[in-house]
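Morning, everyone. Let me put the structure up, and then we'll walk through it.

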Protein chains: 2
Amino acid sequence: MDEPASEIEAVDPPEGDNTPWLGLAERLEAGDAEALAAFVDELSAEDQRRAFSRLGAAEGERAIALLGPGSAAHVLEHLPESQAADILEELEPAVAADIIEQLPADVSTDLLQEMGDEDSGAILGELDDAEEAEELRALAAHDPESAGGLMSTSFVAFREGATVAEVLEDFRENAETYADRDVQYSYVLGPGGELRGVLRLRDLVISRRSAKVGDIMIPEPLHVGVGDALTELHKRFEDTRFLGLPAVDEAGVLRGVVSRAAVEEAQAEYSVDDFRVAAGIVGGEELRSMPMLTRCVRRLSWLTPNIALNIAAASVIAMYESTIQSVIALAVFLPIISDMSGCSGNQAVAVSMRELTLGLIRPGEYLRVLWKEGVLGFFNGAVLGILLGTIAALWKGNLWLGAVIGGALMLNTLLSVLLGGLVPLLMKRLKVDPALASGPLLTTCTDMCGFFMVLTLATAVLDRLV
Amino acid sequence: MDEPASEIEAVDPPEGDNTPWLGLAERLEAGDAEALAAFVDELSAEDQRRAFSRLGAAEGERAIALLGPGSAAHVLEHLPESQAADILEELEPAVAADIIEQLPADVSTDLLQEMGDEDSGAILGELDDAEEAEELRALAAHDPESAGGLMSTSFVAFREGATVAEVLEDFRENAETYADRDVQYSYVLGPGGELRGVLRLRDLVISRRSAKVGDIMIPEPLHVGVGDALTELHKRFEDTRFLGLPAVDEAGVLRGVVSRAAVEEAQAEYSVDDFRVAAGIVGGEELRSMPMLTRCVRRLSWLTPNIALNIAAASVIAMYESTIQSVIALAVFLPIISDMSGCSGNQAVAVSMRELTLGLIRPGEYLRVLWKEGVLGFFNGAVLGILLGTIAALWKGNLWLGAVIGGALMLNTLLSVLLGGLVPLLMKRLKVDPALASGPLLTTCTDMCGFFMVLTLATAVLDRLV
C-alpha cells in the first residue's frame with residue numbers, strides 16, 4: 001500500500017533546499033556508492049531522518065546497503081529506532097553485522113532488542129568478533145529501561161595497584177581508543193573486576209606520579225545495579241551532581257556506566273510515549289513512512305474497542321427515548337455534557353499523572369486526591385453548571401430546562417474530576433499503564449453518568465419541561 | 001481555601017515511613033532549626049518534594065526560613081520551580097538573597113525568571129556580591145529556553161599563552177573550587193575573553209609540561225550562540241558526541257557552557273508541557289499544593305471557552321430538531337459520532353506533532369500529510385463506518401438507519417484524520433502552540449461536520465427511517 005518513490009516526488013513539491021531526499025534518490029538511482037556516502041555524510045541528523053523517511057522501505061534498504069558500514073551506521077543512529085531496526089532486519093545478516101560493528105554498543109543493543117529474536121540471532125552469528133557478539137547478546141538481555149539497557153560499556157578501568165604514572169602512560173598510548181569515552185572518571189577494580197573506587201581525572205592530574213590509584217581513588221563510590229529501573233535511576237541522579245554512575249552486577253562487578261544524559265533522554269522518551277498513548281497511538285511510535293496497513297491496524301486497535309465503550313455509554317440514552325421524544329432540546333445538550341465532563345476529567349488525569357511522575361503522590365493516597373479534587377470540582381461544577389444552565393433556560397425560555405442541564409453538568413463535573421484524579425492512581429496500583437486506560441475508561445464512565453443524570457432529572461420534572 | 005497542616009494529617013493516613021511530612025511538620029512545630037535541617041538533609045529529593053507539597057504555603061516559607069541558606073537551597077533545588085519561586089517571593093528579600101547565593105547560577109536564574117520583576121529586583125538588591133548580582137541579572141535577561149538560559153557559567157578557562165605546567169598547577173590550587181565544575185573540557189580565551197579553543201583534560205595529561213595551551217588546544221571549536229533556541233541546541237547535540245558546548249555572545253566572548261543533559265532535560269520538560277496543554281492544563285504546571293482559587297481559575301480558563309465551542313457545534317443539532325423528533329434513535333448516535341471522530345482526529349494530531357518534533361515534516365508539507373492521512377482515513381473510516389452502521393441497522397432493524405450512521409461516521413473519520421494531520425502544521429506556521437489549539441479546534445470542527453452529516457443524510461431519507 002506504500003507508494004513508489006517516484007510518486008512521492010510528485011506529491012511533495014520541492015521547496016528550495018528543503019528536500020534532501022531528492023538528492024538522495026538521485027544518487028541512489030545512479031548507484032554510485034561513493035557519491036551517495038559523500039552526500040549523506042554532509043547531511044545533518046535531521047536531514048538524514050527526513051530523507052530516509054521519504055524513501056520506500058526497499059529504497060531505504062538499498063541505500064543503507066550501498067553506503068558501506070561506516071556511513072550506514074551513522075545514518076541508522078539518527079533514524080527512529082523502529083525504522084532503523086526494520087532496515088537491518090531486511091538486510092543480509094552479514095551486511096547488517098558489519099554495520100552493527102560500527103555502532104556504539106548501547107545503540108546496537110537498542111536496535112537488536114527492537115528486532116525479532118530470529119533476525120537479531122542471525123546478525124549476532126555473523127559478527128566477526130565472537131566476544132563482541134557475546135557481549136551484545138548479554139546487553140540485549142537487559143530491559144531497555146533499566147541501568148543495563150541504558151549503560152555504555154565503553155569505560156576506562158584500572159587495577160588498584162597501578163600507579164599514577166602507569167595510568168597516565170595508558171592514557172597517552174590509548175588516546176585514540178579513548179577519544180569517544182568519558183575519561184573524566186575512570187574506575188578502579190579488584191582482582192575479579194569488582195568495583196573498588198572511582199578515579200577522578202582531576203585527582204590524577206594533581207597527584208604524585210608514584211602514588212597508587214588505590215590511594216587516590218574515591219572508595220565505596222556511588223553506584224547503581226544493572227537491574228535498576230529508569231525511575232529509580234532518575235531519582236538517583238536527582239540526589240547527586242554526577243554526570244555518570246557506574247553500574248555493577250549482583251557480584252559487584254563493574255558492567256558499564258550510566259550517564260545522566262542517557263537517563264534524561266530515556267525519561268523524555270517515556271513522557272512522549274505517555275502523550276502518544278493518551279492520544280490513542282498504541283503499539284509503539286507511528287511514523288508516516290511506515291506501511292499503510294500497519295498504521296491502519298494499529299490505529300483501529302484503539303478505535304474499535306472505543307466503539308464498544310461508546311455504545312455502552314449511549315445505551316443510557318436509548319433507555320430514555322420517550323423523554324427525549326417529549327423534550328427534543330435534550331438531544332442538543334447531551335453531546336455538550338459528554339464533551340465538557342470529558343475535558344474536566346482529563347485535566348484531573350493530567351495533574352495526577354504529573355504528581356505521580358514527580359513523586360508528589362503515591363498510588364495509595366486516594367483521600368488526598370478526593371479532598372483536593374472534590375473542593376475544586378464543586379466550585380468548577382457550580383460555575384460551568386450555572387453558565388450552561390442559564391444558556392439552556394434562555395434558549396427555550398424554560399427555567400426548569402436550565403435547572404436540569406445546569407444541575408446535571410454541575411454534578412457530572414464533580415464526578416469527572418474525582419474520577420479523573422483517582423483513575424491514574426488506581427491504574428498505577430493495578431500496574432496498568434495509566435495513560436492507556438485512564439482516557440477511555442474515564443470518558444465512558446462520565447458519559448454514562450452524564451447522560452443518566454440529564455435524563456433522570458428530565459424525566460422527574462417532565463411536566464415542567466414540555 | 002487551602003486547608004491547615006493539621007487537617008492534612010487527618011486526610012492522609014500515615015503509611016509506614018511513607019510520610020516524611022509528618023516528621024517535617026513535627027520538627028517545624030518544635031521550632032528547632034538544627035533538628036529540622038538534620039532531618040531535611042537526610043531526605044531524598046523526592047521525599048523533600050513530597051514533604052513540602054503537604055505543608056501549607058505559610059508553613060513552607062517558615063520551614064525554608066528556619067532551615068538556613070545551605071539546606072534551604074538544597075530543598076528549593078528539588079521543588080517544582082513555581083513552588084520554589086513562590087516561597088522565595090514571600091520571604092524577606094535579605095533571607096531569599098542568602099539562599100540565592102547558595103544555589104548554582106542556572107538554578108537561581110530559573111527561579112528569578114519565575115518571579116515578578118519587583119520581587120526578583122528586591123532579592124538581587126540584597127546580594128552581598130554586587131558582581132554576582134549583575135551576572136544573575138544578565139543571565140535572567142535570557143530566554144529560559146535559549147542557550148543563555150540553559151548554560152552554566154561555572155567553567156574553567158585559560159589564556160592562550162599559559163603552559164601545561166601552569167594549567168596543571170592551577171588545577172592543583174583550585175581543586176576545591178573546581179569540584180563541582182566540568183573540567184573535562186576547559187576553554188582557551190583571547191585577550192578580550194573571546195573563545196579561541198577547547199582544551200581537553202586528556203590532552204593536558206599527555207602533553208609536555210612546557211607546551212603552550214594555544215598549541216595543544218582544538219582551535220575553532222564547535223560552539224553555540226547565547227541566543228540559540230532549544231530546538232536549535234537539540235539539533236546541534238544530535239550532530240555531535242560532545243557532552244557540552246561553549247556558548248559565546250555576538251562578539252565571540254565565552255559566556256557559559258551548555259551541557260547535553262541540560263538540553264535533554266529542557267526538551268523533556270517541553271514534551272511534558274505539550275502533554276499538559278493538550279490535556280487542558282494551561283497557564284503553567286498545576287500542583288495540588290497550589291491555592292485552590294488559582295487551580296479553579298486556571299482550569300476554568302480552558303473549560304469556559306470550550307463551552308462556547310461546544311454550543312457552536314451543538315447548534316447544528318438544534319437546526320434539525322424535527323428530524324430527531326421523527327427518528328429519535330439519531331440522538332443515541334450523535335454523541336458516538338462526536339467521540340469517535342474526536343479520537344481518530346487526535347491520533348492524527350499526535351502523529352503530526354511527533355513528526356514535527358523529529359523534523360520529519362516541515363510546516364509547509366500539507367500535500368504529504370493529506371496523501372498519507374487520506375488513504376488511512378478512507379480505510380479506517382470504512383471499517384468503523386461498517387461496524388457502527390451494522391450495529392445501528394441491527395438494533396432498529398432498519399438498513400437505511402445503518403447506512404446513514406455508517407456513512408456519516410465513514411465520511412467524518414476521513415475528514416477528522418485529514419484535519420487532525422493538518423491542524424498542527426497550520427498552527428506551527430501561524431506560530432500558535434499546536435498543543436493548545438489543535439484539540440478544541442479540531443473537536444469543534446469534527447463535531448459540527450459529524451452532526452451535520454448524520455442529520456442531513458437522515459433528513460434526505462427521512463421517509464425510509466420512520
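Start with D203(B). This residue is buried, because its relative accessible area is 12%, and the cut-off for buried is under 20%. Keep in mind that this is a predicted model. D203(B) has a partner: R200(B) forms a salt bridge with D203(B), with the closest N and O atoms 2.9 Å apart. R200(B) is partly exposed, at a relative accessible area of 23%.

Some of them involve both chains. Take D47(B) and R362(A): their side chains meet in a salt bridge at 3.7 Å, N to O. D47(B) sits in helix α4 of chain B, and R362(A) in the loop between α20 and α21 of chain A, so this pair joins two chains.

Next pair. R295(B) bridges to E373(A), with the closest N and O atoms 3.2 Å apart. R295(B) is in helix α18 of chain B and E373(A) is in helix α21 of chain A, so here too the pair joins two chains. Both residues are buried.

How do the chains relate? Rotate by 180°, with 0.0 Å of shift along the axis, and chain A superposes on chain B with an RMSD of 0.1 Å. That is the relation of a two-fold axis. The same surface serves both copies: 100% of chain A's contact residues recur in chain B.

Last stop, the sheet. In chain B, four strands form an open sheet, ordered β1-β2-β3-β4, with mixed pairing. β1 and β4 are the edge strands, each pairing on one side only. β1(B) and β2 of chain B run parallel, over three bridges. There, R159(B) stands opposite L189(B).

Conventions. Residues numbered from 1 in each chain as written. Chains lettered and ligands numbered in written order. Predicted model: local features only at pLDDT ≥ 70, side-chain atom pairs only at ≥ 80, totals over all residues. Heavy atoms only, no water. Pairing = 2+ DSSP bridges. Least-squares fit on C-alpha atoms with pLDDT ≥ 70 in both. Contact = heavy atoms within 4.5 Å. Salt bridge = Lys/Arg side-chain N within 4 Å of Asp/Glu carboxyl O. Buried < 20%, exposed > 50% of the residue type's maximum accessible area, 1.4 Å probe, protein only.
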